[in-house]
Amino acid sequence: MNTENSQQRNKRVFVSGCYDMLHSGHVAFFKEASRYGDLYVGIGSDATIEQLKSRKTVYSEQERLYMVKAIRYVTDAFINPGAGMMDFVETVDRVKPDIFVVNSDGGSDIKREFCRQRGIEYIELERTPEAGLKARSTTSLRKEVHSMLPYRLDLAGTWIDQPYVSYHGAGWAITISLEPTTEFMERAGMSTSTRNAARKIWPYELPAYNEEMMARLLFCFENDPERDGHTSGAQDAIGICMSGLCRHYYDSRYWPSRIESCHDEEILSWLESHLCLVPMFPRRLGTSVVDGKDITTAKVKALTTAADNCWNAIMARDLDRFAQAYQASFEAQIAMFPAMMADGVQDYIDAWRNRALAWKMTGAGGGGYLALVVDSLPSEGVIPIKIRRNNQ
């Protein structure tokens, strides 16, 4: 028994992560992993976190290294010199661990295969909090500490909120307001830039106030008349501030001439059961989705017709018609703005086309999320949505 324990202690165990908001869940994970041997930790660099999450770190890499090294279960820690999801490769080759440990929600076939090729034992651990403590994750911590402002998901007809599009034919854009059930990546078509502008007015949550007036205020606040450059579409502010399902009518102006909302619980619940998101990658820096645009009256007509059909199908809760109109809206978008289909997007579409009834990219495309219409929600690989109800 003593010999076995001695061998256990001599094994090298490796874990890797960002640890940008170090919490008790991380410490519990380190404690559990250290039971397999001497624990070595790879830490994502500031550059890697900004690349993956499109945001600055809460703590610098040197602060995170200091804190992780100070935990008594950790033998040593290093900043991973690599990039992306596999930024730890060079660190693993340096440490030469016997065992690679991940949380169950951090495991992947790529990591498993990486370990198999190097003869490293691969272990997945369930999240188990220390006795008497609340289960912690960085996502749940951010939800509790950070802004609870909604996100916007566009369903159909979007781009029509730009006057240079609606000039060729007026029509509706359809959006839904989403509860922040997860921290959506930046530069991903979830209207995060408008949401960040909203946080300057309402840091934590929307006030109980007239929703259309709040949307107008946010639109005007974000689009400073003294600022040159792109004007953010009104659908972003409306999708964030106006709860439920909305459609808004554009006719060569920045602000819609009509707004209609649906708060029918059966319809909203029906949408939640047939819509989900698949994370891809943030829109790459320097990407311009308007390059090469080709806007014609016929193409705009296809967009507005698809939006009309989409709304009518949702009102009837007709899944087949909804999927057809939803797909038609996306096809109309990329016909006008082919640069939406950035490198890599088609790979995600191909991976899901046999499991979804229809698909589109969130927002202006170029990356972000695939928004799928499905017969029933898959058990893994997708993010369910939660539509914000009107609680006023």
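This is a predicted model: local features need pLDDT of at least 70, side-chain atom pairs count only at pLDDT 80 or more; totals for chains, interfaces and linings use all residues.
**Exercise 1. Classify the packing of α13 and α14 by angle and handedness.**

Step 1. Take the geometry. Helix α13 spans residues 297-316 and helix α14 spans residues 319-336. They pack at an angle of about 160°, and their axes are 8 Å apart.

Step 2. Apply the cut-off. Angles over 145 degrees count as roughly antiparallel. Therefore α13 and α14 are roughly antiparallel to each other.

Step 3. The crossing of α13 and α14 is left-handed.

Step 4. List the contact. On α13, the residues include V300, L303, A306, C310 and I314. On α14, they include F322, A325, Y326, A332 and M336. Charged residues also take part, among them K299 of α13 and R321 of α14.

Step 5. Sort by class. The contact of α13 with α14 has 15 nonpolar, four polar and two charged residues.

**Exercise 2. Find how α12 is oriented against α13, and which residues meet.**

Step 1. Helix α12 covers residues 265-274. The axes of α12 and α13 come within 9 Å and cross at roughly 110°.

Step 2. The range from 65 to 115 degrees counts as roughly perpendicular. So α12 is roughly perpendicular to α13.

Step 3. From α12 come I267, W270 and L271. They meet A313, I314 and M315 of α13.

Step 4. The contact of α12 with α13 holds six nonpolar residues, no polar and no charged.

Step 5. Link back to Exercise 1. A313 and I314 of α13 also belong to the contact with α14.

**Exercise 3. Describe the crossing of α10 and α11.**

Step 1. Helix α10 runs over residues 211-222 and helix α11 over residues 234-241. Their axes come within 8 Å and cross at roughly 140°.

Step 2. This angle makes α10 oblique to α11.

Step 3. The crossing of α10 past α11 is right-handed.

Step 4. α10 supplies E211, M214, A215, L218 and F219. α11 supplies A234, A237, I238, I240 and C241.

Step 5. The contact of α10 with α11 divides into nine nonpolar, no polar and one charged residue.

**Exercise 4. Which elements give two or more residues to the lining of the second largest pocket?**

Step 1. The second largest pocket has a volume of about 680 Å³.

Step 2. Its lining has 29 residues, and S193, H230, D236, R283 and A364 are the closest to the centre.

Step 3. The elements are β6 (151-156), α9 (192-201) and α11. The largest share, three residues, comes from α9.

Step 4. The lining of the second largest pocket divides into seven nonpolar, 15 polar and seven charged residues.

Key. Residues are numbered from 1 along each chain as its sequence is written. Side-chain values use heavy atoms; hydrogens and water are left out. Axes are lines fitted to C-alpha atoms, for helices over the stretch in contact, and angles run from 0 to 180 degrees between N-to-C directions. Helices (H or I, at least four residues) and strands (E, at least two) are DSSP runs, numbered from the N terminus. Angles under 35 degrees count as roughly parallel, over 145 as roughly antiparallel, 65 to 115 as roughly perpendicular and the rest as oblique. A crossing is left-handed if the near helix is turned anticlockwise from the far one by less than a right angle, and right-handed if clockwise. Contact means heavy atoms within 4.5 Å. On a 1 Å grid over the protein atoms alone, a cavity is a set of points where a 1.4 Å probe fits but cannot get out, and a pocket is an open set with protein on both sides within 12 Å along at least five of seven lines; lining residues have an atom within 4 Å of a point. Grid points are joined across faces, edges and corners, and a volume is the space filled by probe spheres set on the points.
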